[in-house]
Amino acid sequence: ITRKLGARVILLPFFGNGKFETKAEMDYVGDFLREIGPEAEKAGVILGIEDTVSAEDNARILDRAQSKAVLVYYDVGNSHRNGFDIYKEIRWLGKDRIGQFHLKDNPNLMGKGSIDFPKVIQAIMDTGFSGWAQLETDAPSGNVEKDMRTNLGYVRGLLAKH
């Protein structure tokens with residue numbers, strides 16, 4: 001389905017009611033992804049796991065999956081909110097384990113909250129990552145178009161410095 005949609009990455013959500021609670025759950029998912037990974041590889045798509053666990057736990061899941069088609073869909077907002085050092089985690093996971101990014105600092109505009117986005121962008125650039133990053137942002141002013149334009153302009157400005 002992902003390939004037929006013309007997409008390269010499909011997000012597999014493991015948060016909210018579906019969040020990982022135990023290592024056994026992570027192992028189960030890693031083992032399941034090992035079964036379906038070859039099919040994703042043949043289709044030329046990435047199965048991107050987005051969750052609320054550490055980079056180390058994500059790497060463990062990827063190691064169990066044993067597929068180059070299974071990568072982390074790294075959400076800087078979720079990871080930061082869960083107390084992880086996102087600047088370190090991005091570099092540690094690197095371009096070979098991250099398939100895509102969600103950039104956000106909800107409920108704030110990017111650059112107005114607690115996440116240091118110049119540091120985030122630098123960390124991403126340091127890895128050599130060349131894929132996509134999606135803005136998954138709130139609209140604090142209530143005007144989605146205006147706030148999206150502001151957030152997009154902010155990120156483009158950071159990228160222009162590199």
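This is a predicted model: local features need pLDDT of at least 70, side-chain atom pairs count only at pLDDT 80 or more; totals for chains, interfaces and linings use all residues.
**Exercise 1.** Work out how α4 and α5 are oriented relative to each other.

*Solution.* Start with the axes: those of α4 (residues 86-93) and α5 (residues 117-127) come within 8 Å and cross at roughly 10 degrees. Angles under 35 degrees count as roughly parallel, so α4 is roughly parallel to α5. Next, look at who touches whom. From α4, Ile86, Tyr87, Ile90 and Arg91 take part, and their partners in α5 include Val120, Ala123 and Ile124. Sort the residues of this contact and you get six nonpolar, two polar and three charged.

**Exercise 2.** Find out which residues of α4 are buried and how they are arranged around the helix.

*Solution.* First, pick out the buried ones: Ile86, Tyr87, Glu89, Ile90 and Leu93. Now look down the axis of α4: these residues fall within an arc of 165 degrees, so they line one face of the helix. Then check what sits over them; the cover includes α2, β3, α3, β4 and α5.

**Exercise 3.** Trace the salt bridges that Asp27 makes with Arg60 and Arg64.

*Solution.* Take Arg60 to begin with: its side chain meets Asp27 at 2.6 Å, N to O. Arg60 lies in α2 and Asp27 in α1 (residues 23-43), so this pair ties together parts 33 residues apart in sequence. Now Arg64: its closest N and O atoms with Asp27 are 3.6 Å apart, and that pair links α1 to α2 across 37 residues. As for burial, Asp27 is buried at 17% relative accessible area, while Arg60 is partly exposed at 28% and Arg64 is partly exposed at 29%. Finally, zoom out: Asp27, Asp31, Arg34, Arg60 and Arg64 are linked in a salt-bridge network.

Methods. Residues are numbered from 1 along each chain as its sequence is written. Side-chain values use heavy atoms; hydrogens and water are left out. Axes are lines fitted to C-alpha atoms, for helices over the stretch in contact, and angles run from 0 to 180 degrees between N-to-C directions. Helices (H or I, at least four residues) and strands (E, at least two) are DSSP runs, numbered from the N terminus. Angles under 35 degrees count as roughly parallel, over 145 as roughly antiparallel, 65 to 115 as roughly perpendicular and the rest as oblique. Contact means heavy atoms within 4.5 Å. Ala, Val, Leu, Ile, Met, Phe, Trp, Tyr, Cys and Pro count as nonpolar, Asp, Glu, Lys and Arg as charged, and the others, Gly among them, as polar. Buried means under 20% relative accessible area, exposed over 50%, partly exposed in between (1.4 Å probe, protein chains only). The arc is that of the directions from the helix axis to the C-beta atoms. A salt bridge is a side-chain nitrogen of Lys or Arg within 4 Å of a carboxyl oxygen of Asp or Glu.
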